[in-house]
Amino acid sequence: MEFRRRAKQSQLKCNLGFSTDGSEGGYNASTTKGPTGSDATQERVREEVSLLGRSASFSGSGILLRWPWQQRVSMAAGLFLAGLLAVTQAWCVNAIHENLLWFSQLTEVEREISFRTECGLYYSYYKQMLQASSIKEGLLELIHDNMTESRRTINLLQRMNIYQEVFLSVLYRLLPIQPYLEPVYFYIYTVFSLQAVYVIGLYLTAWLLSGSWLAGTLTGVWYILNRVDTTRVEFTISLRENWSLPFFALQVAAITCYLRPQLGALQQKVMVWLMYVTTFCFCLMWQFNQFILLVQALVIYSLDCADLLTTTQVTTLYLVQVSGLLTVWLLQFCNSMILGSLVLSFIVAALFIRHYHSGLKTGGLLVRLGKVLFHSAAVLLLTVIINFLTKKVLQLRSDEHIFKFIKSKFALGSTRDFDAGLYLCEEAFGLLPLDTLERLAGTLLLYPYMLTVLLLCGTLAVAALQNLSSPGGGLVEEKRGAAERRVEAFRPDVAYNLLHTVLYGILAFSTMRMKYIWTGHMCAVAAYGVCGTEVWTLVLRVLRCNTKVLLRLFRYAVPLLIFCWLYYKFWPKLMEELSELREFYDPDTVELMTWISTKTPKQAVFAGSMQLLAGIKLCTGRVLTNHPHYEDKVLRERTRQVYQVYARRSPEDVYDILRAVGADYVVLENSICYERRHRRGCRLRDLLDLANGHVMDGPGDNDPDLVPAAHQRFCEAIKTDAAAYTALFTRAFQNKTFYVYRLKKKRKKSTKTSSEPHPPQ
């Protein structure tokens with residue numbers, strides 16, 4: 001027995017790092033050190049570390065290879081495959097982007113127009129930094145910007161997450177690549193390269209969980225084949241999520257490694273620093289970071305309540321989140337939106353209640369369940385109080401539109417709030433379409449994922465109940481024994497990734513745009529289920545044939561069969577997609593941008609839709625009245641007022657509104673004025689009518705309190721060239737899609753017929 005115990009100990013020590021034979025094992029035991037404690041305790045803890053509390057010799061995850069050169073070859077093979085899949089993904093999205101637009105043959109204005117909606121706004125700051133006379137001058141222009149919002153000087157580095165554009169522009173200036181690579185290619189190649197980083201992060205997560213680089217390979221293949229649902233980078237290059245999610249994937253991989261039971265003290269410190277750096281980069285590049293980190297904080301809190309993490313691990317993970325957010329807060333010139341974030345309030349509340357409610361993990365099952373409920377209620381209440389007081393003190397209203405959207409999305413009944421309506425009526429913010437699941441099932445991703453999640457959720461529930469049933473407190477030896485039982489019951493790294501995928505899956509189902517956070521990690525979890533030992537051990541145990549030979553057979557045979565089927569089914573389709581050639585074609589927008597650049601003053605102020613104005617900013621450099629970056633209360637109100645050009649308002653009202661924001665020209669779009677893309681009640685003109693208390697166009701019911709408008713719809717009536725409109729506006733440009741009107745400097749006196757409020761200057 002003593003000989004067998006020593007053999008198992010050596011097997012488990014080698015399970016610290018990645019596998020070394022392509023499926024099993026780890027680093028040589030002589031290169032690692034366990035956590036401090038008595039040797040006997042370490043032996044007992046390491047003796048059984050598998051998810052199900054069984055000997056690792058039966059799990060197949062801790063078998064030490066006989067020859068060191070085999071370990072090195074296997075490690076090299078795993079890393080090589082990770083790099084190969086990463087480069088493949090980056091090449092694929094670049095090729096698809098080129099094929100969709102024929103990007104290399106486009107003129108400069110056509111390339112810039114291809115950066116649609118807010119993408120154009122973000123890219124314009126990269127272009128602005130390159131056009132500045134010096135790096136210092138460019139930074140000063142961003143800090144004191146008066147071109148993005150007319151009659152307002154704003155700090156763009158504080159308001160927007162554009163440090164990546166600043167960094168790239170500085171790098172492009174310093175590197176000797178200007179003669180060989182155009183600025184736009186340097187930008188898009190960088191974003192596509194981050195897709196390679198994303199694949200590597202997912203690959204490492206699957207490898208760490210399963211102990212097999214075969215799982216990482218399957219993860220990368222699934223990610224590439226499910227490109228429609230895992231990324232949209234090829235046609236929305238500049239979106240903040242395309243910059244930040246790769247670092248989020250690396251952060252999850254670092255957390256997974258940090259929570260491994262065998263990690264030594266030095267390795268834990270390295271992982272903590274990696275978690276901090278990746279969290280910081282993720283937060284710096286996306287304004288919605290607080291909501292993503294809030295879900296992650298809830299995962300950590302749940303694991304803490306289930307007694308699956310130590311106090312040190314919980315505190316460290318919380319502090320990593322806080323330190324990353326506060327570093328970004330400093331870089332963004334003390335952006336108050338970060339201090340008022342829910343995640344910061346939640347972490348402060350959780351740590352405070354945990355400190356003063358130290359008896360949470362004592363007592364029997366019913367007592368501890370009651371304490372957990374009381375503890376959670378106290379944390380929730382304190383979170384609301386802290387967040388409310390913080391926003392009151394800071395007078396923070398930047399993110400209230402997000403809460404309006406959430407409230408409207410999950411509350412019963414409809415809403416007439418304009419900001420909430422803009423979000424609710426967009427498909428990206430609706431529920432996840434069922435055809436997404438059909439596509440995921442078509443690549444054999446959904447089935448192993450669901451089986452893995454269901455089996456592990458049941459096992460996790462049993463492990464959590466066992467932990468809550470075990471006595472807490474007491475002597476040091478008792479606490480040490482409880483720690484051993486936790487290790488035997490459920491691996492904390494597996495538990496974290498399980499709750500991670502479940503909660504982000506719920507988020508994806510509720511809001512389709514968030515599916516890109518879930519589907520990538522979904523590939524890693526499914527690959528872990530196929531290539532790991534835990535799920536197969538459960539299945540084989542139910543079938544009463546849990547042997548080492550069958551376990552190894554299924555771990556290798558099933559992934560290889562999946563690879564063969566995917567190759568047969570999807571390789572021809574992928575080659576066909578990569579060879580399909582299209583061409584960018586938008587002559588009306590090109591004509592508009594050319595006219596603005598050549599026929600209007602450089603300091604002219606343009607009003608219009610948020611999406612179009614972002615393109616005008618990029619292509620022409622003209623001053624805007626509003627733009628798509630919606631995280632500002634004043635800007636949201638200004639946007640609602642400018643959009644009155646699509647409402648039923650008098651020409652005098654519209655003229656006064658546009659003059660109040662300093663507009664010289666207004667651009668009207670037929671696609672908005674006569675919109676048919678959305679259903680009735682979700683067209684922009686309908687949202688404006690509801691907000692103004694007017695009945696909507698077309699057949700259908702209206703609320704009884706809505707009244708008919710006293711005026712025609714402005715965007716239609718102005719085209720009639722009636723005297724009331726020509727006295728205030730002059731048509732300066734038109735084509736099949738756009739109408740541009742110049743506001744006259746002087747106008748005749750007229751009596752205002754509308755009592756609706758006008759925007760302040």
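Two strands are taken as paired if DSSP finds at least two bridges between them, and strands (E, at least two residues) and helices (H or I, at least four) are DSSP runs numbered from the N terminus. The model is predicted: local features need pLDDT of at least 70, side-chain atom pairs count only at pLDDT 80 or more, and totals for chains, interfaces and linings use all residues. Residues are numbered from 1 along each chain as its sequence is written, and side-chain values use heavy atoms, with hydrogens and water left out.

**View 1. The open five-stranded sheet.** Its strand order is E2-E1-E3-E5-E4, with mixed pairing. Strands E2 (623–624) and E4 (729–734) stand at the edges with a single partner strand each, so one side of each has no neighbour in the sheet.

**View 2. Strand E5 and its pairing with E3.** E3 and E5 are antiparallel and share five bridges; glutamate 669 has phenylalanine 738 in E5 as its bridge partner.

**View 3. The hairpin between E4 and E5.** Three residues join E4 to E5 in a hairpin. E4 pairs with E5 (residues 738–743) in the antiparallel sense over five bridges. Phenylalanine 733 lies opposite valine 740 in E5, and glutamine 734 lies opposite tyrosine 739 in E5.

**View 4. Helix H32 across the sheet.** Helix H32 (residues 651–660) lies across E1 (605–607), E3 (665–669), E4 and E5. H32 runs at about 75 degrees to E4, the angle being taken from 0 to 180 degrees between the N-to-C directions of axes fitted to C-alpha atoms, for helices over the stretch in contact (heavy atoms within 4.5 Å).
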